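Please keep the model open while you read this note.

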Amino acid sequence: MTQATRDRLQSRTTISRLFRPAGWLLALILGLSAQAGARPAVEAPLAIQSLLLDAARAGARIVAAGQRGHILVSDDNGASWKQSRVPTRALLTAVHMHDENTGWVVGHDAVILRTDDGGDSWRLQHRAPEEERPLLDVWFRDKDNGFAVGAYGYFLATRDGGETWASRAISKDDFHLNEIVPAGGRRLFIAAEAGVAYRSDDGGETWGELRSPYTGSWYGALVLDGERMLLLGLRGHLFRSEDAGQSWTRVTTHTTATLTDAIRLPSGVVLLTGLEGVLLTSRDGGRTVSTTRLASRQGISSAVALADGSVLLTGEFGVRRLPRPE
């Protein structure tokens with residue numbers, strides 16, 4: 001990896017939904033070698049307390065993934081966890097479960113893993129460490145058709161459940177593609193860097209660029225209903241659109257911490273997570289938010305609504321349960 005590449009990765013504070021560009025973030029970026037990524041993950045008793053970057057529901061089960069190829073599953077709303085068999089030690093960045101059995105995980109070394117047993121075991125479908133372009137998110141429309149996105153405009157598509165992947169360019173720019181978000185029907189969004197988001201109205205076949213009033217990186221989006229959506233990113237920036245991204249209104253967040261994820265709970269409450277332990281809640285569809293923090297101020301990467309109304313957070317601390325937001 002060249003110094004220029006290192007600098008760009010480090011400057012993009014949450015390229016893998018990570019936190020704190022100094023210290024352990026830099027060590028992770030520079031220390032995860034292709035050689036390590038080629039070896040199976042080691043069973044670690046404290047894996048649940050290590051850096052975990054994403055989680056997803058698989059029926060009643062939860063699947064979480066993060067550093068050193070750690071994938072863990074829980075069948076009791078996060079009270080206990082079991083580590084899965086995983087054929088890589090690469091940093092894993094995103095989880096997508098299509099149903100209670102079938103799902104995919106992506107990460108550094110352009111790793112793509114698939115499970116057909118609810119996350120108990122995983123097999124490698126794609127790996128390209130020589131490209132030095134980590135994958136940052138994955139989404140499937142059905143069991144055959146899906147996309148994986150990542151650094152430097154990396155866009156992969158599959159039509160056979162991930163057995164083969166084709167690389168495509170969706171823009172003349174090589175902006176990092178941080179998250180892909182379905183919006184109902186055939187519409188999709190991608191949150192990217194440099195103040196850019198992309199929208200597809202034909203299921204991902206073609207993409208158009210949406211420019212926002214902010215030029216920093218976007219790390220996530222949340223589609224509310226119809227054409228209403230939120231776009232969130234660097235330094236606490238949050239924008240709301242009523243017209244599917246054609247125009248934007250800034251939402252005051254009272255924080256400069258980078259925002260990492262957003263979910264809408266069954267109650268209708270919108271919850272956003274961020275670095276420095278930031279939690280934003282909105283009860284009016286994202287027009288206004290209230291701001292709190294975890295006492296530890298540890299970075300939060302993602303949030304998943306649980307069946308009992310509570311929320312599972314992943315991040316620097318591993319996993320943490322958050323009581324039902326009122």
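1. Start with burial. A residue is buried when its relative accessible area is under 20%, exposed when over 50%, and partly exposed in between, using a 1.4 Å probe and protein chains only. By that rule R61 is buried, because its relative accessible area is 12%.

2. A word on the source. This is a predicted model, in which local features need pLDDT of at least 70 and side-chain atom pairs count only at pLDDT 80 or more, while totals for chains, interfaces and linings use all residues. Residues are numbered from 1 along each chain as its sequence is written, and side-chain values use heavy atoms, with hydrogens and water left out.

3. Next, charge pairs. Side chains of opposite charge can pair when their charged atoms come close. Here a salt bridge means a side-chain nitrogen of Lys or Arg within 4 Å of a carboxyl oxygen of Asp or Glu. The count is 20 salt bridges.

4. Look at R61 and D75. They form a salt bridge, with the closest N and O atoms 2.8 Å apart. R61 lies in strand β2 (residues 61-66) and D75 in the loop between β3 (71-74) and β4 (82-83), so the pair ties together parts 14 residues apart in sequence. Strands here are DSSP runs (E, at least two residues), numbered from the N terminus. D75 counts as exposed, because its relative accessibility is 52%.

5. R61 has another partner. D120 forms a salt bridge with R61, the closest N and O atoms being 2.9 Å apart. D120 sits in the loop between β7 (112-115) and β8 (123-126), and R61 in strand β2, so this pair ties together parts 59 residues apart in sequence. D120 is partly exposed, at 23% relative accessibility. A network of salt bridges links R61, D75, K82 and D120.

6. Which residue forms a salt bridge with E242? The partner is R287, and the closest N and O atoms are 3.9 Å apart. E242 is in the loop between β19 and β20, and R287 in the loop between β23 (278-282) and β24 (290-293), 45 residues apart. E242 is partly exposed at 44% relative accessibility, and R287 is partly exposed at 47%.

7. Finally, the sheet. Two strands pair if DSSP finds at least two bridges between them. Four strands form an open, antiparallel sheet in the order β17-β18-β19-β20. β17 (218-225) and β20 (249-250) stand at the edges with a single partner strand each, so one side of each has no neighbour in the sheet. Four bridges join β18 (residues 228-233) to β19 (residues 238-241). M229 stands opposite S241 in β19.
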